[in-house]
Amino acid sequence: MDYFIHSRPSYSLAEVTLYPGEQLVTESGAMAWMTDNMRAETSVRGGIMSGLSRTVLGGESFFQNTYEAEGAPGTIGLTQGQPGDILAYEMDGEELLLEKGAYLASSPGVTTNSDFQGLRGLFNEGMFILRVSGNGTLFFSAYGDIQEIEIDGGYIVDNGHAVAWDSSLDYRLTKAAKIRSFLFSDQIIMEFSGRGRLWVQSRNPRSLANWVHPFRSVKSSNDG
């Protein structure tokens, strides 16, 4: 498998070349274009319960597509719904945790499972994360640019900016009571500790909602 990520970081698109016998698993709707020798198969990867878990709990697609080149190398272009970056990461038996919606595609040797974070997840968007493990290439996406941070000790980030992190890191969600966020509520932050890597996105969907909120269409009492 070869790949190149175009138009980084604002409007990234991953162009992946598969050689005969290689496969790529993608989220439903991730394909932007492909050569005509690419064969696609749609399935509920891991079975119905796994598909429901990914969809209801992890915010991913119920169906996933598997692409394979026939007869000669084939190329597929992958992109996400929001404007932002795509990162290709080579998994080597380790485990990463992804915010819901960040997973884009991977080699078949990479497995994904939704993970309930207990009561600490009640502050988090969706209350669930995606646990990714195995071997192969993982593509994950973000809203805005992706920055990698090496943590050795402690680190604090707004939970709307966290995209992925090593499972070796401990974390907890808490309210920053003295910092106000969307519609004057307390800002929710993630406190990481330990040693490992954290990937953050430069834009926050909730901050966008905050900016758009004053311009929303409001129905008047005089409207019919």
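The report below takes up these topics in turn.

## Confidence of the model

This is a predicted model, and the protein chain has an average pLDDT of 82, with 74% of the residues scoring at least 70. Over residues 46-59, however, the pLDDT is below 50, although the model gives this stretch 30 contacts beyond near neighbours in sequence.

A further stretch, residues 118-127, also has pLDDT under 50; for these residues the model contains 21 contacts beyond four places in sequence.

D166 belongs to strand β13, which covers residues 162-166. Its relative accessibility is 8%, and because buried means under 20%, D166 counts as buried.

When neighbours within four places in sequence are left aside, D166 is in contact with E95, L96, G196, R197 and W199.

## The loop between β1 and β2

The loop between β1 (2-6) and β2 (13-18) holds P9, and the peptide bond that joins R8 and P9 is cis, with an omega of about -5°.

S7 lies in the loop between β1 and β2 as well, and its phi is near 55°, which is a positive value in a residue other than glycine.

Methods
Residues are numbered from 1 along each chain as its sequence is written. This is a predicted model: local features need pLDDT of at least 70, side-chain atom pairs count only at pLDDT 80 or more; totals for chains, interfaces and linings use all residues. Side-chain values use heavy atoms; hydrogens and water are left out. pLDDT is the predictor's confidence in each residue, from 0 to 100. Contact means heavy atoms within 4.5 Å. Helices (H or I, at least four residues) and strands (E, at least two) are DSSP runs, numbered from the N terminus. Buried means under 20% relative accessible area, exposed over 50%, partly exposed in between (1.4 Å probe, protein chains only).
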